[in-house]
Amino acid sequence: MRAIEALVTELARLPGIGRKTAQRLTFHLLQQGPEESSRLARALDTVATTVRACAECGYVAEEERCEFCRDARRDAGLICVVEEAASVQAVERSTEFRGRYHVLGGRLSPLDGIGPESLRIDSLLERVRGGGVREVILATNPSMEGEVTATYLHQVLAGEGLRVTRLARGLPMGGDLEYVDGVTLAHALLARQDIVG
Amino acid sequence: MHLDRIVLRGFRNLRDLDHLLPPEGVVFLGPNAQGKTNFLEAIGYPVLFRALRGATDAEVTGFGGPGFRLEAIFHDGDRSRTAEVTYTAGNRRKRIMLDGAPVARLSEAVGAWVAVAFLPRDVALAGGPATERRQYLDRMLSLASTDYLRALARYRAALAQRNAALRQGQEPLARAFDAPLAAAGSEVTALRLRWVAGAADRFAEGFASLGEHGPTGLSYRTDAALADPAGWADALQRVRNRDLGRGMTTIGPHRDDLVLTVDGRSLRDFGSTGQLRSAAIALRLLELTTIEEARGVPPALLLDDVFAELDSDRQARLADRLLAQRVGQVFVTAPRRDELPAGLQLPIWSVHQGVVTGAA
């Protein structure tokens with residue numbers, strides 16, 4: 001049936017969803033009845049029409065500026081740079097960060113045609129040059145492309161007269177040392193700290 | 001390592017089969033183009049999960065078939081393990097399972113089963129372009145060391161990104177990939193250099209054991225500074241304009257070579273066909289020793305029509321060398337019984353039009 005096929009195709013385009021899962025979701029919705037599907041459709045429609053990128057930082061917003069950029073209690077002198085909007089949620093879960101964000105919209109990957117011009121780097125420079133920024137924390141992912149993006153941003157931000165830092169890499173809490181891979185352990189050793197207290 | 005059982009469905013021209021294999025190995029006998037080498041290829045496939053002779057998975061799939069399935073049950077020391085591959089031609093998807101569990105990354109399954117293959121085209125190892133010898137080093141050292149396998153994967157990823165940036169003329173972007181390239185590239189270079197330092201004498205010994213004369217040399221041609229991550233910045237700076245002009249990275253382990261000499265002269269340029277063949281076999285013997293020492297068990301041996309290429313003296317010498325003191329499993333293909341060395345005592349199976357008979 002064409003309608004079912006169209007929904008399966010659309011769902012299968014989502015990240016992490018293969019064709020089989022898309023079919024299972026579609027038949028689940030059909031089984032639940034029209035009300036369930038309509039509620040989902042309305043939620044999707046609302047998101048599509050009301051949510052946009054924050055004009056300042058690129059995070060999701062229902063107004064021109066996102067909740068963090070509007071919040072006067074958050075430190076505007078501290079900017080945490082992430083690859084994607086989803087990373088903002090992760091940093092927020094840490095509850096340690098009270099500054100603001102900047103979402104790049106990806107990471108440098110020349111193989112995929114993603115160069116500096118494809119990312120929100122110019123708007124980061126504008127924010128920095130606008131004054132009042134003391135520190136930029138580079139929180140790109142610890143993948144090769146994430147590291148390279150951080151290196152590149154470090155070069156771009158050098159000479160802007162502010163502190164540029166990178167998230168530390170090390171051991172996971174609750175982990176067991178013998179299961180940690182060699183690269184992570186090497187980084188943790190290099191970034192070891194004196195015990196305070 | 002011992003292959004206990006192999007199950008094949010839709011693999012090359014071979015009729016579907018499920019065979020138990022003798023612990024000492026098998027000789028596959030039959031005229032050419034019947035499927036002997038395909039059987040050997042099936043045994044070698046689960047080492048790197050790709051075909052020995054560089055064929056694509058689509059080519060490995062039986063003509064017009066929907067895909068292939070291969071299951072290898074083997075012993076690594078006392079441990080029984082299973083490697084399974086299912087390839088679907090329609091979507092070109094390959095699924096690999098190790099010990100019944102799907103693997104997320106190919107590198108997790110690479111080297112669980114290890115075999116070293118001697119192929120007729122091996123003469124290119126000594127007489128062919130440098131890329132043949134780099135592939136040889138990469139395959140052997142990846143199977144001997146997970147550190148090498150990981151460093152190589154990181155190096156190739158960084159190199160591909162840096163080259164893409166160079167092709168696009170984005171110099172600062174290419175420069176941002178210098179650090180990961182240096183970190184992984186120095187590791188690959190250092191591990192290759194370390195192997196070569198310990199291998200030169202053994203290469204000479206293997207070459208001489210085949211009845212060849214003359215002092216031999218085995219060395220690694222590289223910029224020695226590249227074995228240290230700190231040496232890369234200057235080296236990359238020196239070639240920056242050239243790299244930009246050519247749109248590719250022109251230094252690093254992907255440009256190095258393993259140089260073989262006899263009597264101080266390049267084997268590749270001056271070696272006779274017999275010498276090239278012996279040198280290639282000596283390299284395979286080195287591969288066998290290197291992997292056996294790293295893994296603690298002898299890999300299986302796959303000998304594809306190797307004896308037919310040699311005169312009777314070299315045949316006998318190679319057979320003595322390979323088989324006399326070995327406890328590993330050996331698989332040999334030959335068109336005729338009289339092309340096998342006299343000392344080879346293995347069960348004989350025949351392969352005819354894709355059907356393997358004589359199996360237990």
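These legends walk through close-up views of a predicted model. Residues are numbered from 1 along each chain as its sequence is written, with chains lettered from A in the order in which they are written. Local features need pLDDT of at least 70 and side-chain atom pairs count only at pLDDT 80 or more, while totals for chains, interfaces and linings use all residues; side-chain values use heavy atoms, leaving out hydrogens and water.

**View 1. Welcome to the nonpolar cores.** A nonpolar core is a set of buried Ala, Val, Leu, Ile, Met, Phe, Trp, Tyr and Cys residues joined through side-chain atoms within 4.5 Å. Buried means under 20% relative accessible area, exposed over 50%, and partly exposed in between (1.4 Å probe, protein chains only). The largest core holds 137 residues, and Phe39(B) and Trp195(B) have the most contacts inside it. Leaving aside neighbours within four places in sequence, Trp195(B) is in contact (heavy atoms within 4.5 Å) with residues including Tyr136(B), Met140(B), Leu218(B) and Thr290(B). A second, separate core has 17 residues, among them Cys57(A) and Val88(A).

View 2. Strands (E, at least two residues) and helices (H or I, at least four) are DSSP runs, numbered from the N terminus; two strands pair if DSSP finds at least two bridges between them. Seven of the ten residues of strand 4 (residues 67-76) of chain B are buried, so this strand is largely enclosed by the rest of the structure. Strand 1 (residues 2-9) of chain B runs antiparallel to strand 4 of chain B, joined by seven bridges, and ten bridges link strand 4 of chain B to strand 5 of chain B, also antiparallel. Look for Leu70(B): Leu8(B) stands opposite Leu70(B), and Val85(B) in strand 5 of chain B is a bridge partner of Leu70(B). In the hairpin of strands 4 and 5 of chain B, Gly77(B) takes a positive phi near 65 degrees.

**View 3. Follow the chain through two hairpins.** Strand 5 (residues 79-88) and strand 6 (residues 93-98) of chain B pair in the antiparallel sense over six bridges, with Tyr87(B) opposite Lys94(B). Four residues lie between these strands, and Arg92(B) in the turn has a positive phi of about 55 degrees. Strand 6 of chain B also pairs with strand 7 (residues 101-102) of chain B, antiparallel over two bridges. In that hairpin, Asp99(B) has a positive phi near 50 degrees.

**View 4. Now meet the open sheet of chain A.** Its four strands have the order 4-3-5-6, with parallel pairing. Strand 4 (99-103) and strand 6 (163-166) of chain A are the edge strands. From one strand to the next, the twist averages 25 degrees. Cys80(A) stands opposite Ile137(A) in strand 5 of chain A. Helix 7 (residues 144-157) of chain A lies across strands 3, 5 and 6 of chain A, at about 170 degrees to strand 6 of chain A.

**View 5. Two helices of chain A cross.** Helix 1 (residues 2-12) and helix 2 (residues 19-32) of chain A pack at an angle of about 130 degrees, with their axes 8 Å apart. Axes are lines fitted to C-alpha atoms, for helices over the stretch in contact, and angles run from 0 to 180 degrees between N-to-C directions. Helix 1 and helix 2 of chain A are therefore oblique to each other; angles under 35 degrees count as roughly parallel, over 145 as roughly antiparallel, 65 to 115 as roughly perpendicular and the rest as oblique.
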